[in-house]
Amino acid sequence: MSNHEYKCISTGNLQMDEILNGGFPANSINIIMGQPGTGKTIFAEQMLFHHATDGGRPILYLTTLSEPVAKVLSYLQRFSFFDESKVGSVVHYREIGTDLAKNGIGALLPYVKEAIHSIAPKIIVIDSFKALHDLAESPQEMRRILYELTGLLSSFETTVFLVGEYTDEHAQALPEFAIADGILQFLRSTLSTRDERFLRVLKLRGSSYLEGLHGCKITSAGLEIYPRLVTPKVAESYVTEIERVSSGIEGIDKIIGGGFLGGSTTVVAGPTGSGKTTLSLQFALEGIRQKERSLYVNFQENPSQLARLIRSLGADLEEIEAAGFELLYVSPVELQIDSIIVKLFGLIQKNNIKRLVIDSISDFARASSDPDRLHDYLYSLLQHMALKGVTTLLTYETVGNILSGGRDAASISRFSNMSDNILLLGDGRAPDFDRDIRCLKARGTQHDRKAHQFEITDKGIRVL
Amino acid sequence: MPDNLQKSPLVVMVADADPHIRELAGYFLTEAGYTVTFETDGYEALDSARKAPPMAILADLLLNRLDGLALCRLLKGDPATEHIAIIVFSVLAAEERARKAGADAFMLKPLEKKRLLMALEEATRKRDMIT
């Protein structure tokens, strides 16, 4: 049995290391691929500055025919990870595009060999490696140089990153993808006026990495990465807590058999103006009364609007914040589900949140370019909440009467699979009531199935 | 010890089929002041070591025809060559096997100058303590 230790080099980004199960394998050859503007060069630079330590082994950054070093450096200075004092002393930039254009791609090998002799770099980045294909006289020449280069790089203790504007088609056809130990792909998609960035690991030899698309964002600190939320391993066997959690509305507690089960998830569905936000706020405020910390995630009302709503229910935002009420407001225009989930998860863990409201998941759905991915994300999130004993309430805005097969019937049915309870708020279309509420589902509970009339007063919802 | 089998204080033999390894190890060792000879095959390495024993041998475990461990056993089992410091060098985490075969030091591939020189120092120090 082998006792060979699997050594990794950190990317300098905790979330990326989590995705890669520790980092890239030491002394490996890796490809960082993606279309222009996807963040691959920023990622590579951020990683190498993380490793640029005074007195440590140097780092070599070779630019071919993509961008001149001066241009790369002038933009890099805007990022907080960049350290000007390391350039030339620890991080060595060399521009070899002109020489490659003049003497052919064979000129790359002497450059690399000379660098190994003179500075013995622990990391070598070649950006863009794909550009070498444009300079090669034939695919055979490219293959030969690649064979020589990988032979040389594999014999020396160094970790190599080949950066390039590769597409999925290139990944199927070009020889460097066969020899690579790791392949990291950066992607960008446009949703309305907003860009969404993602990354995914396509290959990582000898490692159980986190598969799938992970959200990312370019900030002044470099690349922020949001690993995909995965379902906890014990999800199937979770048991909601027996303890009942009051909704903060006596009439609703009665309808659902004495309150929500602790750790359960409830979808509150209804059209605009039906009272979903009021009900959710009452649930969160009841948490504060019970000395349970509540997190209210809101995409519609900004903090001032929400403060007004809270005041109208007889509470003061500042006072309840001091008592454990947390408000996470994100503009629906800036909403990226990956980053929200990471923030939300961090807050829940850090502050021992016991009640969570997401108002609304319809905004999540609108912000997501991929409904299946959103569904998986929410499912995983709710499984985590159940395990942590966080009682969760999700609002969902419907259009039309879903009981008679309106257009939201399918969505509600889908959310039903992942929720324990569904409360449906009407908008006065029930024959005899102005406003009505009914419980469509309450897992594990004998609940009242009838529609009940309710009113919204200055103290909130009151079931009649 | 016959004259032709005297220790060669600054000669290091690099026995590896990989041309890049030979070139890089040769460069690092020459730069550090050693004279370097090269072999690509286990039997040729054995033959050369018997004819002109170097101070040390850096032997790849997966040498052709006669592997690095067998080469090590043969040289360490012969009084005429047992004084040669041997470093077994491999991509395999085979330190235990290398030590059992009599290697004075073991080094994992790939090459790095500082580790190479440290392994050489460890191996020659051991050899000096014995001889």
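**Chain A against chain B**

I looked up the contact between the chains first. 13 residues of chain A are in contact with ten residues of chain B; two residues are in contact if their C-beta atoms, placed from the backbone, lie within 7 Å. On the side of chain A that touches chain B, helix 5 (108–119) and helix 7 (139–155) each supply at least two residues. Helix 7 of chain A gives the most to that side, with four residues. I take helices (H or I, at least four residues) and strands (E, at least two) as DSSP runs, numbered from the N terminus. I then sorted the side of chain A that touches chain B by class: four nonpolar, eight polar and one charged residues. The classes are as follows: Ala, Val, Leu, Ile, Met, Phe, Trp, Tyr, Cys and Pro count as nonpolar, Asp, Glu, Lys and Arg as charged, and the others, Gly among them, as polar.

**Ground rules**

I note that this is a predicted model, where local features need pLDDT of at least 70 and side-chain atom pairs count only at pLDDT 80 or more, while totals for chains, interfaces and linings use all residues. Residues are numbered from 1 along each chain as its sequence is written, and chains are lettered from A and ligands numbered from 1 in the order in which they are written.

**Chain A overall**

I counted 17 helices and 22 strands in chain A. The C-alpha trace of chain A spans about 85 × 50 × 45 Å along its principal axes. Of the 464 residues in chain A, 42% are buried. Buried stands for 20 or more other C-beta atoms within 10 Å of a residue's own, exposed for 12 or fewer, and partly exposed for in between, with C-beta atoms placed from the backbone. I also checked contact range in chain A: among contacts between residues at least 6 apart in sequence, 71% join residues at least 24 apart.

**Domains of chain A**

Chain A is divided into domain 1 (8–226) and domain 2 (235–463). The bounds come from an automatic or database domain assignment. The centres of the two domains, taken over C-alpha atoms, are 45 Å apart. Their contact takes seven residues from domain 1 of chain A and six residues from domain 2 of chain A. On the domain 1 side, strand 8 (182–191) and strand 10 (214–219) of chain A each supply at least two residues. Strand 10 of chain A gives the most to that side, with three residues. By class, the domain 1 side has two nonpolar, three polar and two charged residues.

**Strand 15 of chain A**

Why do I call strand 15 of chain A largely enclosed by the rest of the structure? Five of the five residues of this strand (residues 294–298) are buried, so it is largely enclosed. I checked both faces. A:Ser294, A:Tyr296 and A:Asn298 are buried on one side, and A:Leu295 and A:Val297 are buried on the other. In a regular strand the side chains alternate between the two faces of the sheet.

Next, the pairing; two strands pair if DSSP finds at least two bridges between them. Strand 15 pairs with strand 16 (residues 325–329) of chain A in the parallel sense over five bridges. There A:Ser294 stands opposite A:Phe325. Strand 15 also pairs with strand 17 (residues 355–359) of chain A, in the parallel sense over five bridges. In strand 17, A:Leu356 is the bridge partner of A:Leu295.

Most residues other than glycine have a negative phi, and most peptide bonds are trans. I listed exceptions.

- The peptide bond from A:Asp359 to A:Ser360 is cis, with omega near 10°. A:Ser360 sits in the loop between strand 17 and helix 15 (361–367) of chain A.
- B:Lys109 and B:Pro110 are joined by a cis peptide bond, with omega about 0°. B:Pro110 lies in the loop between strand 5 (105–108) and helix 5 (113–130) of chain B.
- A:Asn21 is not a glycine, yet has a positive phi of about 60°. A:Asn21 counts as partly exposed, with 15 C-beta neighbours inside 10 Å.
- A:Lys291 has a positive phi near 60°. A:Lys291 is in the loop between helix 11 (276–289) and strand 15 of chain A, and is exposed, with 9 other C-beta atoms within 10 Å.
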